[in-house]
Amino acid sequence: MSERQLMVSRRRLLALGGAFGLLTAGGLASAAALAHRPAGTGGLLRSGIGLPPAFHVPLPRPQVLAPVSTSGGVDRYEITQREAVAEILPGVRTPVWTYGGSFPGPTIEARRGRPTVVTHRNELPVPTVVHLHGGRTPAEFDGYPTDLVLPASWPESGGHGGHGGHGGGMADPRAVQSRVVREYAFPNEQRATMLWYHDHRMDYTAPAIWRGLAGLHIIREDSEKALELPDGERELPLVITDRAFAADGSLVYPSLDPALRDRPGVQEPYMAGVLGDVVLVNGAPWPVHEVAAVRHRLRVLNGSNARHYELEAVDQDGRALELVQIGADQGLLAAPVTHRRLPLAPAERYDLLVDFGPVPVGGTVRLLNRLGSGRTREVMAFRVVRAQREDTRVPQALATDLPEWRREEAVRTREFAFRAGRMGEGHGWLIGGRPFDPAREDVGVRLGDLEVWRLIADVHHPIHLHLVGFRILSRGGRAPLPHDAGLKDTVSLRPGEAAEIITRFDGYRGRYLFHCHNAEHEDMGMMANLEVR
């Protein structure tokens, strides 16, 4: 289905639960995306500049950040958040917001059980908040949306914004704000996996990520060595995003307030999510990467605001290569799962093995997005340039430390509906019929409790829980799908779908969040507080 077909009738929307009936007719048309396999819930931005051909720009590899200190059993890093100019499209200068001057930000390589402390310095014109997505992090360092790092020039009374154009700010008596500099401490007491860090400022997460505030945080452990997986140059982090560009090369984003200071939200046609017409991988448009004819490990993140992908790797003869999944959001699976096509929602990560051995030298493998149309149908390409002896394997057993939670052991079951609805004078995105309020406790759990949550959607909603990973128990009353294997921290709810997850709330006490990771939905109210006692 093409992106031009992301429209549905008012009757179809109302049939999915009624919450959209509170929206205006115009909002319905722009927010709709309820077909079986749409590209995503949202509106498409079109670039006003000539775009490069696919598979001409080399794939960049995100820079690995060096620690400034490794003493005392702690790795310390320093990152300055600042404006920069990047050459994303060949020969074109694009202003971006960055972590450390690069787009995307630098990668932090951590070891399981060895703490990292990252000192962030905010030299941007607006407040920021850093959240380590997927991290088992003490609440004070989790990046709560009102725990702002203020720039030097920001007024003392500078607020948190307000949903849906409310303005005036929302009071949060527990907010902890700092000026210019803040330390974030990450224990890394969790399974080896690929996490990512990004801005999480209340009401303005979506435009901040769009402008460039995101980077990778990879946790490693020595036990992976015994698995003989591809590493070094054959382990590729792939941060997939979409963007749109103005005629002058700047990034286009439909903010109501381009300064991101006083009026949060996006223009009406994009309230369901912002989709760009340029697919970037590691910050490069439709790149190409030269590989040897052997197995590679692809660490894939969907860092897009709202776009969903369905990935397929196809050789020059149109034959699909196997995508062998060995890991999910929260680390290795118990055993590999083989896919031909793999759906990928915003914020989800997959750890994949792809064997280029059957492809002749000189051949090309294209990574396609089967949910895209036109230029967004292509993601990147791999060009096989040399033969090489295979020295890795696909282990039949991967991990033995996955939790064995059972439904009958859960102390309670909760249900949450993720739907559009009224917010004050306007409309937005709600959990259980209520928009986010930082001063309200929505869910209280006891440390160590095992719970089952039933999550219900109207349109696409990738739901993310802070602090904990979870297992997916069911979808629509049926068994989970093959790509649901392993330990997750984000579950992609399809239009009209209900899914059940199970998790144990352990690790740390304090205030956390759960929310939709369609970044526009998140900014317009679709977050809730989770208090772990």
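## A cis peptide bond in a loop

Pro-104 is found in the loop that runs between strand β3 (94-99) and strand β4 (108-111). In this predicted model, the peptide bond leading from Phe-103 into Pro-104 is cis, and its omega angle is near -5°.

## Positive phi angles

Phe-55, which is placed in the loop between β1 (43-44) and β2 (75-86), has a positive phi of about 70° although it is not a glycine. Its relative accessible area is 16%, so Phe-55 counts as buried, the cut-off for that word being under 20%.

Leu-260 also has a positive phi, near 55°, and is likewise a residue other than glycine. Leu-260 lies in the loop between β12 (235-243) and β13 (274-275), and with a relative accessible area of 1% it is buried.

## Two nonpolar cores

In soluble globular proteins, nonpolar side chains tend to be buried together. Here the largest nonpolar core has 83 residues, and the members that touch the most others are Phe-382, Trp-453 and Phe-514. When neighbours within four places in sequence are left aside, the residues in contact with Trp-453 include Arg-414, Phe-416, Val-443, Leu-465, Glu-500 and Phe-514.

## A strand covered on both faces

In a regular strand the side chains alternate between the two faces of the sheet. Strand β32 (residues 490-493) has Thr-490 and Ser-492 on one side and Val-491 and Leu-493 on the other, and all four are buried, which leaves both faces covered. Strand β30 (residues 461-465) pairs with β32 in the antiparallel sense over four bridges, and Ile-463 has Val-491 of β32 as its bridge partner.

Terms used: Residues are numbered from 1 along each chain as its sequence is written. This is a predicted model: local features need pLDDT of at least 70, side-chain atom pairs count only at pLDDT 80 or more; totals for chains, interfaces and linings use all residues. Side-chain values use heavy atoms; hydrogens and water are left out. A nonpolar core is a set of buried Ala, Val, Leu, Ile, Met, Phe, Trp, Tyr and Cys residues joined through side-chain atoms within 4.5 Å. Buried means under 20% relative accessible area, exposed over 50%, partly exposed in between (1.4 Å probe, protein chains only). Contact means heavy atoms within 4.5 Å. Helices (H or I, at least four residues) and strands (E, at least two) are DSSP runs, numbered from the N terminus. Two strands pair if DSSP finds at least two bridges between them.
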